[in-house]
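Here are a few notes to read alongside the model. Please keep the 3D view open and follow the points one by one.

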Amino acid sequence: MESVSVSLHVVMFLSVILSLTFVDGAIPTTLDGPFKPVTVTLDKSFRGHAVDLPDTDPRVQRPVKGWQPEQIKVSLSTNYDSVWISWITGEFQIGDDVKPLDPESVASVVRYGMLRFPLTHRAMGHSLVYSQLYPFQGLRNYTSGIIHHVRLSGLKPDTLYFYQCGDPSIPAMSDVYYFRTMPVSCPWSYPARIGVVGDLGLTYNTTSTIGHLMRNDPDLVLLVGDASYANLYLTNGTGADCYSCSFPNSPIHETYQPRWDYWGRYMQRLVSKVPIMMIEGNHEIEEQVGKQTFAAYSARFAFPSEESGSSSTFYYSFNAGGIHFVMLGGYTNYNKSGDQYRWLQKNLAKVDRNVTPWLVATWHPPWYSTYAAHYREAECMRVAMEELLYKYGVDIVFNGHVHAYERSNRVYNYSLDPCGPVHIAIGDGGNREKMAITHADEPGNCPKPSTTPDKFMGGFCAFNFTSGPAAGRFCWDRQPDYSAYRESSFGHGILEVKNETHALWTWYRNQDAYGTTGDVVYIVRQPDRCPVEPEGTPGYNRRG
């Protein structure tokens with residue numbers, strides 16, 4: 001045991017030295033901040049190719065026959081020793097009179113192992129079918145294929161596994177795919193590269209984003225909400241860049257659910273090999289009969305909700321090496337009296353920063369975006385939750401929603417704070433809605449406070465600032481001090497945690513050549529300066 005301990009300390013030492021070698025180069029670190037605000041603007045006509053892939057594109061057409069699996073994806077459970085495999089069998093139906101398939105008619109089986117052949121392990125799971133129904137004559141209803149979710153357990157850390165899914169009794173099994181488990185949770189063990197994307201859609205821009213992301217070879221992908229944008233369509237398949245502008249008289253906000261199937265087929269090239277962790281966005285609301293919402297989101301993805309003590313698909317947590325992720329819901333009750341807040345309190349109190357030094361939070365609508373689009377829309381969520389996240393020392397926050405890129409300085413309650421998290425809004429995945437290009441601090445662009453609350457969540461919490469350079473006003477008259485870098489462009493991000501204190505964040509633009517960076521910074525934790533002590537445990541520092 002003594003030799004193992006010595007080896008681990010050597011690994012930790014080398015990791016620190018390697019990271020500091022990188023930091024000594026030209027890449028800035030948050031220790032150099034707070035940074036002077038920077039705005040990089042593009043021509044207002046730039047949109048890349050934000051046109052949806054048509055249903056005739058081979059990449060979105062059904063690639064299998066009969067009951068063979070399609071739309072295969074991997075997602076994580078709470079720790080390295082377990083993952084979820086999901087897929088769909090059978091064809092969806094859309095029309096006036098649809099009859100759901102029987103989910104019990106096809107088994108949910110995964111064969112897996114550390115060798116491609118033979119696959120020595122077997123796991124079984126559960127299946128379901130969801131429907132999107134409308135109570136208005138002339139609107140087309142939808143019912144999905146059979147959606148399967150199987151949890152594999154007893155896995156080894158940082159290990160390549162091969163798998164095959166389907167029903168061997170038909171037989172209808174998939175090809176053999178593979179995935180790699182997450183590293184063990186400890187201060188010197190991390191996924192090499194974590195991809196972060198938001199507001200993807202399924203446009204030619206999306207294909208560029210995913211192509212660039214795949215070339216960066218991520219070990220894990222975070223999707224910070226808004227996947228298929230099926231709700232930019234009527235049920236007859238007619239779409240528009242702006243639903244409310246084009247279809248103002250629609251009796252209910254319609255969707256064209258086959259866009260979800262197109263999205264799943266296109267994304268299989270990535271997510272059948274690389275785990276994807278999704279959190280809901282506003283485009284997943286998708287209201288239907290009985291005011292039911294989020295049916296496609298909750299059915300199509302597997303979430304480690306139960307494993308992380310959550311009773312909802314809207315919020316959950318998981319570990320990836322020495323990182324603890326909390327995925328939060330911006331479109332469910334986030335008030336201090338609600339279930340999500342109570343769950344978050346318990347979850348954060350259990351985090352041991354000596355095991356998972358990094359704490360990353362993700363939800364869809366940003367708190368610190370300075371763009372006019374969605375400006376201060378999630379203020380009620382910020383008022384309810386920011387103090388709790390600050391208390392437990394969240395290091396990084398990822399959001400989407402605003403179709404542009406923005407990185408903050410360390411901030412808390414709109415003030416520069418060396419112990420506050422870095423907020424990164426990365427809703428620039430490429431969807432067909434217009435790119436955000438105007439800033440709330442520019443003359444004539446400050447929204448009226450009454451227009452800012454989220455229509456789905458309601459509430460009003462966005463008042464004029466009471467202190468600082470913007471005191472007495474609703475918007476700043478220049479780029480706020482807490483905004484370090486902002487740019488209107490499509491792209492994706494890569495997070496590379498080097499050790500327990502240093503993480504490299506890189507944002508890549510779609511229009512750049514591979515390997516060219518748009519924004520790059522080392523995010524540095526300072527546990528000695530910003531200690532976190534759990535209640536009732538004086539002198540114990542969970543941040544390491």
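1. Two strands are said to pair if DSSP finds at least two bridges between them; helices (H or I, at least four residues) and strands (E, at least two) are DSSP runs, numbered from the N terminus. Strands β3 (residues 82-89) and β10 (residues 146-153) pair in the antiparallel sense over eight bridges. Look for S86: its bridge partner in β10 is H149.

2. A word on the source: this is a predicted model, where local features need pLDDT of at least 70, side-chain atom pairs count only at pLDDT 80 or more, and totals for chains, interfaces and linings use all residues. Residues are numbered from 1 along each chain as its sequence is written, and side-chain values use heavy atoms, with hydrogens and water left out.

3. Now step back to the open sheet of four strands, which has the order β2-β3-β10-β7 with antiparallel pairing. Its edge strands, β2 (70-76) and β7 (126-128), each pair on one side only.

4. Next, find R300 in helix α5 (residues 295-300). Is R300 buried or exposed? R300 counts as buried because its relative accessibility is 4%, and buried means under 20% relative accessible area (1.4 Å probe, protein chains only).

5. R300 and W87 are 213 residues apart in sequence, yet their C-alpha atoms are 8.4 Å apart in space. Leaving aside neighbours within four places in sequence, R300 has contacts (heavy atoms within 4.5 Å) that include K73, I88, H149 and D261.

Definitions and conventions: Buried means under 20% relative accessible area, exposed over 50%, partly exposed in between (1.4 Å probe, protein chains only).
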